[in-house]
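Me: I am new to this structure. Please take a close look at one strand and its neighbours.

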Amino acid sequence: MPLLQTKADASAWGYGFLGATTSTGNFFLISKQVLGSTSATVTFSSIPNTYKSLQIRSIARDSGSNSQDIGFAFNFNSDTGNNYTWHRLYTSEGGTITANAGSSQPANYMWGCAGGGLASNIFSASTYDIIDYASTSKNKTLRGIGGTNNNTSSANPFFGISSGLWMSTSAINSITITDYTNNFVTGSTFALYGVS
Amino acid sequence: MATATFVPIATQTLGSAAASITFSSIPGTYTDLRLVLTCTTSVADSVIVQYNADTATNYSATLLTGSGAAAASTSTTSATSIRLHNVGQTSTTVPETFSLDVFSYAGSTNKTAFATSATDTNGAGSVELTVGLWRSTSAITQVTLKLLGGNNFAIGSIATLFGI
């Protein structure tokens, strides 16, 4: 195949397609957690305030018997008050499209985590973006895309897009991700990146 | 400062029409991959992706589409590729934009990826979200983009593979 260009330094172009901050080479790994045993929560703490945006990338599966868990409950700075709202738009493998929302919630409930009822070795994939997380004057918006596929036409699992609002102007310095109903299984992986 | 990542592995800009775009010998040193494509095609068609030259029925996908006033959902099972279009299609004149995120591509789990795509042709077009599964625990060392109908990507189509 004819090539006119190789190895272009196009990091900004690639990241910018998902609408986040763009700058060549400014995507930094802050912390990566690969679960060595089941765990109900994953926490990133002492997050530096030196970036403009954060992105969490994960593969995950939980210990329940369902094909799909609602997924991830996000809490910031250990705040479990009813300071969160969320919207979700998602589809099942069977073709059912659903939109729902919650207000004054104790967490941002975001899609989506593969359930233990899926075929073995299948994990969900997700990204979550938080723009201007270090602001001390703005509430914080979370955007997620995630879910999985199980090679069926069943009522689940699901895949979709989520948004969440944390009604706080505090800078985010810790993020706790909790499995909604069960535990994350061994091998679930969560990586936190900063974008400057 | 933390470790910089999001590294362009390779970019391919087509100097002539081609039926496929392949990235091979992908190093296993990253956590995830992102493939970004902007393309026009010889005939309106649907973009598909295959890994490691596997053309067996090891792929499946769920697609959520908005094209005008309606939302639609469909799925494919035991397919020979991950289909990235449902009702949307590429254009012969207007570039369409894709990003495909492949998670834990070098790991030992089955491989889940998702894609976003956008196209608009002043009266038609779509936005789509796709989640795709490759039922293989092999590390991904090759990614190939094709068109479902066997048509060609046009001159000037650009694909870049990033390691994250």
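Predicted model: local features only at pLDDT ≥ 70, side-chain atom pairs only at ≥ 80, totals over all residues.

Reply: Start with chain B as a whole. Chain B has 13 strands and zero helices. Along the principal axes, its C-alpha atoms fill a box of roughly 45 × 35 × 35 Å. Of the 164 residues in chain B, 52% are buried. Take the contacts in chain B between residues at least 6 apart in sequence: 76% of them join residues at least 24 apart.

Now the strand itself. Strand β11 of chain B covers residues 125-134. Eight of its 10 residues are buried, so β11(B) is largely enclosed by the rest of the structure.

Next, its partners. Strand β6 of chain B, residues 59-66, runs antiparallel to β11(B), and eight bridges join the two. One pairing to find: Leu64(B) has Leu129(B) in β11(B) as its bridge partner.

Strand β10 of chain B, residues 111-120, is also antiparallel to β11(B), with 10 bridges between them. Here Ala115(B) pairs with Thr130(B) of β11(B). β10(B) and β11(B) form a hairpin, with four residues between them. Look at the turn: Asn122(B) has a positive phi of about 55 degrees.

Technical notes. Residues numbered from 1 in each chain as written. Chains lettered and ligands numbered in written order. Buried ≥ 20, exposed ≤ 12 C-beta atoms within 10 Å, placed from the backbone. Contact = placed C-beta atoms within 7 Å. Pairing = 2+ DSSP bridges.
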